[in-house]
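Here is a short note for a colleague who is opening this structure for the first time. Please keep the model on screen while reading.

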Amino acid sequence: MPHCTERAAGEDWPAWPAGYQPTVTLHRLAIVAVAVLLLWAGFAVSVTAPPDRSDYRRTALQVAASAHDAAGTGALIAHQQLDGDVFGTFADAAYDDATRTLSGAATRLTGEPPPDDASAALRDGLLPLVQEAVRALGDAARATSRTALRAALGVLEDVAARLADLIEANR
Amino acid sequence: MRREHLETPLRVSQILRRPVTDRGGRTLGRVADVETDRDADGRERVVAVVVTAGRWGRLLGYERDEATGPWILEQLARAVLRRRTVRVSWEDLAELGEEGRTLG
Amino acid sequence: MKRFLAVALGILTAIGGFVDIGDIVANAEAGARFGISHAWILLLGVLGICSYAEMSGRVATVSGRPVFDLVRERLGPRVALGNLAGSLFVTVLTLGAEIGGVGLALQLVTSVDYLLWVPVVGFVLWVVLWRAKFNTLENVFGLTGLVLIVFIIAFFRLDPNYGELWHQASRPGPPHGEDWGTYWFMAVALFASAMTPYEVFFFSSGAVEERWTAKDLLTSRINVFVGFPLGGLLAFALMVTSATVFHPRDVSVDSLSQVAMPAAIALGKLGLAAAILGFFAATFGAAMETGLSSAYTVAQYFGWAWGKLRRPREAARFHTVLIVSILVGVLVLMTTIDPIQLTEYTLVFSAVVLPLTYLPILVVANDRGYLGERANGRFANAVGVLFLAIVVVAAVAAIPLMIVTRMGAG
Amino acid sequence: MLIGFDLLDRQILDRDGEPVGKVDDVELDAGEDGVPFVAALLVGQRALGMRIGGRLGRWIAGVALRLSLDERPAARIPFDLVAEIDSAVNLSVRRELLADPPLEVWLRDHVIGRIPGADDAS
């Protein structure tokens with residue numbers, strides 16, 4: 001059986017688990033602080049840097065996809081309203097949800113200036129479609145007659161199809 | 001600190017994780033557990049300490065025979081946690097390494 | 001006869017109680033964007049929760065120790081404290097998401113913004129947990145949750161393209177316009193939605209509190225092995241109806257109103273009403289379970305008196321944690337974060353913390369000192385280790401996938 | 001018996017199976033021959049905090065000290081009161097005989113007990 005002799009902690013021992021010795025804690029704290037700073041700096045750079053062409057295109061395509069989702073969903077709701085499948089409170093809430101998706105997308109598109117001419121062209125193709133979707137969705141939500149609803153439905157389906165084409169063309 | 005000079009009452013947490021070396025100064029590891037046995041008066045008296053070289057004091061219960069399997073976890077536990085586990089009887093324990101922390 | 005009824009009730013409650021806001025969101029989103037190419041993930045998740053719940057139910061019944069009690073006992077106070085912090089964070093966020101889900105369901109029938117409902121729901125939730133007959137209510141909500149069967153009926157009424165669905169299910173992978181990153185991100189979220197840690201905290205604590213004995217073990221197994229897969233079937237119905245309605249139109253789902261639409265399209269107003277009632281029951285039931293689970297984890301770590309059957313006065317610390325958890329859940333929603341987005345985040349974090357509670361249970365389920373002959377057999381261990389590997393991979397992959405795919409946006 | 005495995009971090013139950021606390025630390029006392037024996041179980045966040053150690057442990061112990069509202073040391077349960085150790089540590093007495101944890105008492109008297117219905121079983 002081995003005998004055990006006195007020995008100062010930390011001589012050639014692995015360090016105590018975190019926080020046992022003040023020096024270790026300070027050391028770790030410094031490493032953590034530097035890591036956080038670096039992460040934060042990286043985050044700040046990536047957020048504040050002006051978007052390049054591919055970033056812009058990615059954003060634009062996401063906006064187009066959201067607008068397409070909203071227009072498609074709006075068309076579905078209008079369809080169900082015409083068929084008498086939904087009650088009023090549900091339709092209101094569903095139109096609200098679609099409108100929220102759409103307005104979020106529109107804000108993202110107008111919030112970022114396009115970095116070059118190709119990006120500007122993409123935006124100019126997309127923006128009218130988004131605006132038309134907003135208008136048609138509003139019309140459908142407010143429609144009081146079947147005729148008005150049917151008209152809004154037609155526009156929504158048309159916009160959704162054109163947005164799908166735009167997404168496909170820029171993929 | 002010499003074993004005989006341990007101040008009582010003593011908390012088990014003051015013994016656990018203390019470094020243990022043999023007479024030749026070879027490191028054995030740290031105290032992972034304290035073994036007791038019931039004496040005639042019904043007291044649980046300390047008979048030995050379990051010393052493991054692993055950094056992680058907890059053994060997930062694999063130091064006991066009742067804990068078996070899953071095979072892969074057992075192997076892992078043996079390899080990582082139970083590496084070079086020795087039982088040092090209390091009489092053989094001359095001194096415990098410094099604590100390196102204050103309690104109270 | 002009475003026993004048979006009790007077993008039947010248990011199964012039905014397990015089916016209805018399986019679905020929560022995470023299942024609703026993850027399945028509908030996956031169905032809309034990826035068709036049913038994630039069906040196998042859902043199957044895997046259901047098998048995983050069966051294995052996990054069975055083990056923890058067995059351990060709780062035989063040893064009388066719930067999950068978090070064992071977590072601290074096996075991992076030590078320090079590691080278990082980190083574990084507690086992670087699990088509590090996820091459970092309270094999930095509680096917030098469930099309360100948000102109740103609010104959204106109420107908004108669909110009242111047109112009153114969900115944010116106005118949130119404090120009301122939080123208060124009612126607290127009152128229910130404070131003094132109501134919990135077991136009765138658990139059964140009521142579990143049984144009401146069964147109306148989600150409407151999605152199974154809706155699926156057949158939608159006249160789906162079976163060939164196309166089979167094609168999606170049998171060739172897993174991203175469809176046109178999606179990539180593998182988003183496919184796997186969705187897979188992790190879906191797996192986490194089926195295998196939620198709080199369900200197991202709740203289940204094992206219930207077993208301890210109701211003092212289950214070895215005789216109840218059979219009942220518990222039937223509940224798990226019949227109830228959970230059938231609950232998974234309801235979740236699958238949400239995925240497959242969404243895949244039938246939204247996927248062909250290339251429309252992705254990001255609101256609760258969209259999730260209900262297939263029921264309306266197939267079954268009209270009645271189907272829609274059933275779907276919303278189902279959402280309400282499922283999310284409120286889950287809010288009760290997550291609220292209690294938050295308090296269970298803390299109380300079991302510290303060894304405090306806990307339990308839904310105790311007088312609040314006799315478990316003051318437990319009830320204080322419960323109140324604080326509900327308050328935090330409500331406050332999180334009051335930041336106006338979208339409850340659906342909150343759900344997506346909770347699923348990611350849920351995947352990250354799952355191994356921390358799964359590992360100790362797997363280890364203890366093998367401990368003959370605790371379970372005697374009821375310790376894991378070879379088969380249970382093979383399954384247990386397989387899922388440990390899957391759970392670890394999902395936990396490691398969750399955050400990188402979240403960052404790379406920008407929360408699944410691609 | 002292994003103190004680390006069989007005692008530490010186990011749930012303590014009274015003779016009726018009611019939870020008393022966790023074994024947060026174990027106190028040893030020296031016998032006549034100088035060999036230590038298990039004297040008592042220490043229960044409470046102060047004992048836990050001191051055991052965890054480090055900044056976090058000191059913080060836990062500090063908070064517990066402040067919440068305990070008096071200078072009482074961590075709850076100490078003499079080992080003689082332990083009847084049996086299985087998956088939990090079972091005492092031979094009812095928990096009413098032990099001092100109630102100060103945090104529980106404070107919350108009961110100032111928060112939970114003041115809400116209507118606190119005495120109703122569900």
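1. Ground rules. This is a predicted model, in which local features need pLDDT of at least 70, side-chain atom pairs count only at pLDDT 80 or more, and totals for chains, interfaces and linings use all residues. Residues are numbered from 1 along each chain as its sequence is written, while chains are lettered from A and ligands numbered from 1 in the order in which they are written.

2. Chain C, make-up. Chain C has 16 helices and zero strands. Helices (H or I, at least four residues) and strands (E, at least two) are DSSP runs, numbered from the N terminus. The radius of gyration of chain C is 20 Å, close to the 22 Å that the globule rule gives for 410 residues, so chain C is as compact as a globular protein of that length. That radius is taken over C-alpha atoms, and the rule is 2.2 Å times the number of residues to the power 0.38.

3. Along the principal axes, the C-alpha atoms of chain C fill a box of roughly 55 × 50 × 45 Å. Of its 410 residues, 65% count as buried. A residue is buried if 20 or more other C-beta atoms lie within 10 Å of its own, exposed if 12 or fewer, and partly exposed in between, with C-beta atoms placed from the backbone. Take the contacts in chain C between residues at least 6 apart in sequence: 85% join residues at least 24 apart. Two residues are in contact if their C-beta atoms, placed from the backbone, lie within 7 Å.

4. Chain A against chain C. This contact takes 19 residues from chain A and 21 residues from chain C. On the side of chain A, the elements giving two or more residues are α2 (53-83) and α3 (88-111).

5. Chain D, the open sheet. Four strands of chain D form an open sheet in the order β2-β1-β7-β6, with mixed pairing. β2 (19-22) and β6 of chain D stand at the edges, each with a single partner strand, so one side of each is left without a neighbour in the sheet. Pairing requires that DSSP finds at least two bridges between two strands.

6. Pairs within that sheet. β1 (residues 11-13) of chain D runs antiparallel to β2(D), joined by three bridges. There, D:I12 has D:G21 as its bridge partner. β6 (residues 82-85) and β7 (residues 89-91) of chain D are also antiparallel, over three bridges. A hairpin of three residues joins β6(D) to β7(D), and D:I85 is bridged to D:V89.

7. Chain D, strand β4. Is β4 (residues 36-43) of chain D enclosed or open? Seven of its eight residues are buried, so β4(D) is largely enclosed by the rest of the structure. β3 (residues 25-30) of chain D pairs with β4(D) in the antiparallel sense over six bridges, and D:E27 stands opposite D:A40. Five residues lie between these two strands in a hairpin, where D:G34 in the turn has a positive phi of about 85°. β4(D) is also joined by four bridges to β5 (residues 75-78) of chain D, again antiparallel. In that pair, D:L41 is bridged to D:I77.

8. D:D119. This residue lies in the segment after α4 (102-110) of chain D. D:D119 is exposed, with 11 other C-beta atoms within 10 Å. Not counting residues up to four places away in sequence, D:D119 touches C:R311 and C:R313.
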